Amino acid sequence: MHKFSFSATAACVAALLSFNVQAQDTTRRMGDLLAVGLPAFAAGLTLVNDDKESFIQLAKSEGATYLLVEALKSSHHEMRPDGSDNKSFPSRHVAVAFSAAQFLQMKGGWEYGMPAYLAASYVGYSRVESHKHYWKDVVAGAATGALTTYYFTDATRGRRLGMSWTGRAASLTYQQAL
């Protein structure tokens, strides 16, 4: 089951990324699909594996991510690059995608984490390419999603990938139990 899930994940990510990304609306649609698909995939894995505790951890992580992003959007009032509204900072799409990617990495290791991080990164690219966010909005969303998940999720294995964001700098850390 584990190899099949990894193969299915890799195939889905490869198929999604192989589409023509020249058209802005296609890029945006693909990013939107991945922003919803990553948390749905993570939730599906917990349900297939009958892991209610992990499902609750994912729900807490995604819920906290959403609430934190909404609080930041309400307090910062930054205009989007396309001028559509003043809710640019941080990116909600990227936050929920990176929350799911962090969850998949913590529960399944790099076999799940690497494709999930690539997909979440594409979500960030799509938000900038479609002129909905600046890069700083994407980085803030990624850090918010990853950090809330890191807080609410217990790693299944002795390996963890962590992210931290301090306003002007972001860092990735890899931890492995000795």
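Ser-99 touches Ser-61, Glu-62, Thr-65, Gly-145, Ala-146, Thr-148 and Thr-149, leaving out residues up to four places away in sequence; contact here means heavy atoms within 4.5 Å. The model is predicted, so local features need pLDDT of at least 70 and side-chain atom pairs count only at pLDDT 80 or more, while totals for chains, interfaces and linings use all residues. Residues are numbered from 1 along each chain as its sequence is written, and side-chain values use heavy atoms, with hydrogens and water left out.

Ser-99 belongs to helix 4 (residues 92–108). Helices (H or I, at least four residues) and strands (E, at least two) are DSSP runs, numbered from the N terminus. The relative accessible area of Ser-99 is 0%, which places the residue among the buried ones; buried means under 20% relative accessible area, exposed over 50%, and partly exposed in between (1.4 Å probe, protein chains only). Helix 4 is largely enclosed by the rest of the structure, because 15 of its 17 residues are buried.

At the start of helix 4, a side-chain oxygen of Ser-91 comes to within 3.2 Å of the backbone nitrogen of Val-94. A polar contact is a pair of N or O atoms within 3.5 Å; within protein, one must be able to donate a hydrogen and the other to accept it, and residues adjacent in sequence count only if both atoms are side-chain atoms. After helix 4 comes Gly-109, with a positive phi near 80°.

The spans of helix 4 and helix 3 are listed below. The expected span is 1.5 Å times one less than the number of residues.

| Helix | Number of residues | First to last C-alpha | Expected span |
|---|---|---|---|
| Helix 4 | 17 residues | 24 Å | 24 Å |
| Helix 3 (residues 52–76) | 25 residues | 36 Å | 36 Å |

**Helix 3 and Thr-153**

In helix 3 the buried residues are Ser-54, Gln-57, Leu-58, Ser-61, Glu-62, Thr-65, Val-69 and Lys-73. His-77 follows helix 3 and has a positive phi, near 50°. The side chain of Ser-61 is joined to that of Thr-153 by a polar contact of 3.4 Å. Thr-153 lies in the loop between helix 6 (135–152) and strand 1 (159–165) and, at 1% relative accessibility, counts as buried.

**The nonpolar core**

A nonpolar core is a set of buried Ala, Val, Leu, Ile, Met, Phe, Trp, Tyr and Cys residues joined through side-chain atoms within 4.5 Å. The largest has 25 residues, and those with the most contacts inside it are Leu-38, Val-94, Phe-98, Leu-104, Ala-120 and Val-123. Helix 2 (24–48), helix 4, helix 5 and helix 6 each supply at least two residues of this core, with helix 5 giving the most, eight residues. Apart from neighbours within four places in sequence, Leu-104 is in contact with Leu-38, Phe-41, Ala-42, Leu-45, Gly-109, Tyr-112, Gly-113 and Ala-116.

**Aromatic pairs**

Across the whole structure, a search finds three aromatic pairs. Rings of Phe, Tyr and Trp (its six-membered ring) pair if their centres lie within 6.5 Å; planes under 30 degrees apart count as stacked, over 60 as edge-to-face and the rest as tilted. The pair of Phe-98 and Tyr-117 is tilted, because the ring centres are 5.8 Å apart and the planes stand at 50°. This pair links distant parts of the chain, with Phe-98 in helix 4 and Tyr-117 in helix 5 (residues 110–129), 19 residues apart. Both Phe-98 and Tyr-117 are buried.

Tyr-151 and Phe-152 form an edge-to-face pair, at 5.0 Å centre to centre and 90° between the planes. Tyr-151 is exposed, with a relative accessible area of 66%, whereas Phe-152 is partly exposed, at 29%.
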